[in-house]
Amino acid sequence: MANVKLKQLKKVYGKDVIAIKGADVSIKDKEFVVLVGPSGCGKSTLLRMIAGLEEISEGELFIDEEKVNDLSPKDRDIAMVFQNYALYPHMTVFDNMAFGLKLRKHKKEDIKRRVEEAAEILGLSEYLQRKPKEMSGGQRQRVAIGRALVRQPKVFLFDEPLSNLDAKLRVQMRIEIKRLHKQLEATMIYVTHDQIEAMTMGDKIVVLKDGYVQQVDSPMNLFNNPANKFVAGFIGSPAMNFLEGRIEKSNELEFVSGLVRFGIPEKLGLHEKLKPYIGKSLIFGFRPEYLYDKEKENSKELSVDMDIILDVTEPVGSESFNYFHFEGQEDKTFCFRSDSVYQYQGNEKIKVGLDINRLRFFDKKTEIRIA
Ligand code: ADP
């Protein structure tokens with residue numbers, strides 16, 4: 001198993017499409033790292049550079065201590081699982097899984113043993129003589145994973161492997177891949193556009209946007225301490241609410257917008273950082289999870305209170321997502337999450353509180369979090 005190190009990796013397509021603009025990421029042995037970001041952010045390009053399927057324009061890539069920029073894919077000791085499975089339709093499951101080993105001239109007994117072991121791990125033992133078309137989507141994806149498994153590579157790469165599966169199967173396969181990761185103690189790098197997949201699977205998540213690495217962190221740190229407004233809005237569902245306003249100084253510092261106004265207690269330790277913003281615009285961010293109904297729930301020790309008009313409520317089972325606006329500002333919608341024991345009808349005025357420890361502020365221009 002292996003460490004993978006990306007040092008200032010850049011990728012330029014043709015003359016001027018810069019897909020990756022200098023990525024620095026350290027992946028430890030046995031780590032499960034997810035590359036996530038919206039479509040076109042460069043995550044597949046980055047994975048394909050690690051695989052050796054795309055040339056590296058600039059920078060260095062190390063697997064363990066070896067620089068592998070110029071090694072061909074087959075010499076990098078990695079195995080990749082693709083979204084479309086890439087199985088040979090005319091071959092049996094056994095032959096599909098054995099194919100790479102045959103190419104590498106492994107002994108027949110060795111191939112048989114490895115394929116049977118992988119099939120056992122993946123619950124495919126009874127399907128080895130079937131053809132891919134006789135298998136379900138989930139089973140085919142398992143065969144594709146099996147083909148990577150038999151190679152016993154240093155690093156596993158996954159390129160949106162669950163995108164073609166229905167929602168329920170996706171959740172099941174997500175758990176299976178995590179279990180496999182634990183069992184194999186392998187280094188895995190996994191690409192997805194789905195932040196929930198990223199949050200639930202990754203030990204570490206690399207958030208990308210427009211070819212730039214925005215933040216590399218654990219799932220909970222991304223959620224609680226996003227480096228900037230993009231990460232704050234991308235991670236978490238429903239997304240963080242944002243509200244523009246400015247900082248004013250009376251007795252204490254206050255956040256003031258046309259919609260809400262509240263004091264910022266000194267003990268939050270934000271005053272020094274917020275002082276340069278006195279009289280200037282900045283962005284206030286608050287998550288739907290951290291709002292609560294002042295009349296229905298126990299009050300937190302310190303909270304920011306807001307009078308809101310709840311427009312529409314979306315019950316999703318154990319919880320509801322409630323969409324609201326502030327009086328006089330119908331065109332801007334915010335969200336607060338509530339336990340579904342509390343029932344709302346929509347079109348009602350309520351008072352919500354926000355735990356003061358959950359206030360987040362962002363620079364309006366750079367969008368970097370002020371912390
Ligand atoms: P993602 O996987 O995050 O959706 P990609 O890595 O596929 O993004 O693409 C990143 C950027 O590089 C996009 O702007 C895309 O249009 C561009 N790109 C990808 N592949 C090529 C290519 N072969 N030639 C030119 N541009 C490409």
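**Close-up views of a predicted model**

**View 1. The side chain of N322 and its surroundings.** The side chains of N322 and T313 are joined by a polar contact of 2.6 Å (a pair of N or O atoms within 3.5 Å; within protein, one must be able to donate a hydrogen and the other to accept it, and residues adjacent in sequence count only if both atoms are side-chain atoms). The model is predicted, with local features needing pLDDT of at least 70 and side-chain atom pairs counting only at pLDDT 80 or more, while totals for chains, interfaces and linings use all residues. Residues are numbered from 1 along each chain as its sequence is written, and side-chain values use heavy atoms, with hydrogens and water left out. N322 belongs to strand β17, residues 319-326 (strands are DSSP runs of E, at least two residues, and helices are runs of H or I, at least four, both numbered from the N terminus). N322 counts as buried because its relative accessibility is 0% (buried means under 20% relative accessible area, exposed over 50%, partly exposed in between, with a 1.4 Å probe and protein chains only). Apart from neighbours within four places in sequence, the residues in contact with N322 are L310, V312, T313, F334, C335, F336, R337, S338 and Y344 (contact means heavy atoms within 4.5 Å).

View 2. Y13, V17, A19, P38, S39, G40, C41, G42, K43, S44 and T45 surround the ligand (a residue is near a molecule if one of its heavy atoms lies within 4 Å of it). K43 instead places a polar side-chain atom 2.9 Å from an oxygen atom of the ligand.

**View 3. The largest pocket.** This pocket has a volume of about 480 Å³ (on a 1 Å grid over the protein atoms alone, a pocket is an open set of points with protein on both sides within 12 Å along at least five of seven lines, and a cavity is a set where a 1.4 Å probe fits but cannot get out; lining residues have an atom within 4 Å of a point). Its lining comprises 18 residues, of which A79, M80, F82, R147 and R151 are the closest to the centre. Two or more lining residues come from each of β6 (78-81), α2 (93-103) and α4 (137-149). The lining consists of 13 nonpolar, one polar and four charged residues (Ala, Val, Leu, Ile, Met, Phe, Trp, Tyr, Cys and Pro count as nonpolar, Asp, Glu, Lys and Arg as charged, and the others, Gly among them, as polar).

**View 4. Helix α2.** The buried residues in α2 include V93, F94, N96, M97, A98, G100 and L101. The packing partners of the buried residues of α2 are α3 (108-122) and α4. Just after α2, K105 has a positive phi of about 60°.

**View 5. The second largest pocket.** The volume of this pocket is about 160 Å³. Its lining is formed by E289, Y290, L291, Y292, E297, K300, R337, S338, D339, Y342, D355 and R358. β15 (291-293) and β18 (329-339) are the elements that give two or more residues, and β18 gives the most, with three.

**View 6. The cavity.** The structure holds one cavity of 30 Å³ or more. The largest cavity has a volume of about 50 Å³ (grid points are joined across faces, edges and corners, and a volume is the space filled by probe spheres set on the points). F223, N224, M240, F286, R287, Y290, R358 and R360 line the largest cavity.
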